[in-house]
Amino acid sequence: MLALNRSAIVVRPKPPLLEWLHAADPTSVTLRLADLGREPTIYLVSECGDPEDEQACLQAVFSTIFEDQLDGWWRDRTTWPTPRSLDVFTRWFDCQFHSTLLDLTDEPLIEEQI
């Protein structure tokens, strides 16, 4: 078993994201918040040892995560909220940090550019 020198942020949508999605995409009207959060995205970031590290990390990466999340649900950037500040991000998403990541497989990690 290998410990990875990363922390993880599990990102789950909150009601404002669903409200925006319903307004932006008429075909999403049947989606519920539980549907959006069923399989949350997990982002690997630099190791965070304490809440101050986590806050600094989130400040550095929230914009990238925000845009990735919006793009995953609706690609028309003209409908995306502005401004996309950290305050707006934290109202739209719940972020849970995890500092212990253990790799239980001996398969090599494969990097893919997305």
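Trainee: Where is Ser 46 found?

Mentor: Ser 46 sits in the loop between strand 3 (41-45) and helix 3. Helices (H or I, at least four residues) and strands (E, at least two) are DSSP runs, numbered from the N terminus. This is a predicted model, where local features need pLDDT of at least 70, side-chain atom pairs count only at pLDDT 80 or more, and totals for chains, interfaces and linings use all residues. Residues are numbered from 1 along each chain as its sequence is written, and side-chain values use heavy atoms, leaving out hydrogens and water.

Trainee: Why is Ser 46 called exposed?

Mentor: Its relative accessible area is 56%. Exposed means over 50%, buried under 20%, partly exposed in between (1.4 Å probe, protein chains only). So Ser 46 is exposed.

Trainee: What makes Met 1 count as exposed?

Mentor: Met 1 has 72% relative accessibility, so Met 1 counts as exposed. Met 1 lies in the segment before strand 1 (2-3).

Trainee: Why does Gln 69 count as buried?

Mentor: Gln 69 is at 7% relative accessibility, so Gln 69 counts as buried. Its place is in helix 3 (residues 51-73).

Trainee: Which residues does Gln 69 touch?

Mentor: Contact means heavy atoms within 4.5 Å. Not counting residues up to four places away in sequence, Gln 69 touches Val 11, Thr 41, Tyr 43 and Phe 93.

Trainee: How do you know that Ser 46 and Ala 8 are apart in sequence, and what is the distance in space?

Mentor: Ser 46 and Ala 8 are 38 residues apart in sequence. C-alpha to C-alpha, they are 8.3 Å apart in space.
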